[in-house]
Amino acid sequence: MIFKSLTSKLGEAIKLSFILTQSSRDEDLMNSLIEYLGSGFITSVNRGTIDFKITKFSSIRDIIIPLFEKYPLQSSKNKKFLYFSEVVKLVDNKAHLTEKGLNRIRIIKNKINTD
């Protein structure tokens, strides 16, 4: 997510999130993900669903990206993951702190939302 920021030199900042949504019946499974991965938390989205979220950048970079590189998604979601992974690499390399890098992230975000 790109949002307005008073503390950023560019006036905008990046917040990455990995989110997995499931039926609230699967809350035990979601809690086991937190235990297994050693990261994340659960939020209630609406009646009937819950989200497993990871927002800590180092957990996304060091846990989620390697996990899905080792075990690629076997669906159309893999393409979105590859875009997401590219954004993580840009942020890790501090590219998001430049106008060029931020614009590249905007382009990737549009691809994620349209592909």
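Leaving aside residues up to four places away in sequence, Ser59 touches Ser39, Ile54 and Ile64, where contact means heavy atoms within 4.5 Å. Ser59 is found in helix H2; helices (H or I, at least four residues) and strands (E, at least two) are DSSP runs, numbered from the N terminus. Ser59 counts as buried because its relative accessibility is 8%, and buried means under 20% relative accessible area, exposed over 50%, and partly exposed in between, with a 1.4 Å probe and protein chains only. Between Ser59 and Asn31 there are 16 Å in space, C-alpha to C-alpha, and the two are 28 residues apart in sequence.

All of this is read from a predicted model, in which local features need pLDDT of at least 70 and side-chain atom pairs count only at pLDDT 80 or more, while totals for chains, interfaces and linings use all residues. Residues are numbered from 1 along each chain as its sequence is written, and side-chain values use heavy atoms, with hydrogens and water left out.

We can now turn to the rings. The structure holds three aromatic pairs; rings of Phe, Tyr and Trp (its six-membered ring) pair if their centres lie within 6.5 Å, and planes under 30 degrees apart count as stacked, over 60 as edge-to-face and the rest as tilted. The pair of Phe18 and Phe52 is edge-to-face, because the ring planes stand at 75 degrees, with the centres 6.5 Å apart. This pair links distant parts of the chain, since Phe18 lies in strand S3 and Phe52 in strand S5 (residues 49-54), 34 residues apart. Both Phe18 and Phe52 are buried. Phe18 also pairs with Phe68, in a tilted arrangement with 5.9 Å from centre to centre and 40 degrees between the planes; here strand S3 is linked to helix H2, across 50 residues. Through ring pairs, Phe18, Phe52, Phe68 and Phe81 are linked into a cluster.

Which residues lie closest to the centre of the largest pocket? The largest pocket has about 890 Å³ of space, and of the 26 residues that line it, the closest to its centre are Ser17, Phe18, Ile19, Phe81 and Phe84. A pocket is, on a 1 Å grid over the protein atoms alone, an open set of points where a 1.4 Å probe fits, with protein on both sides within 12 Å along at least five of seven lines, and lining residues have an atom within 4 Å of a point. Helix H3 gives the most to this lining, with five residues.

Note on methods. Grid points are joined across faces, edges and corners, and a volume is the space filled by probe spheres set on the points.
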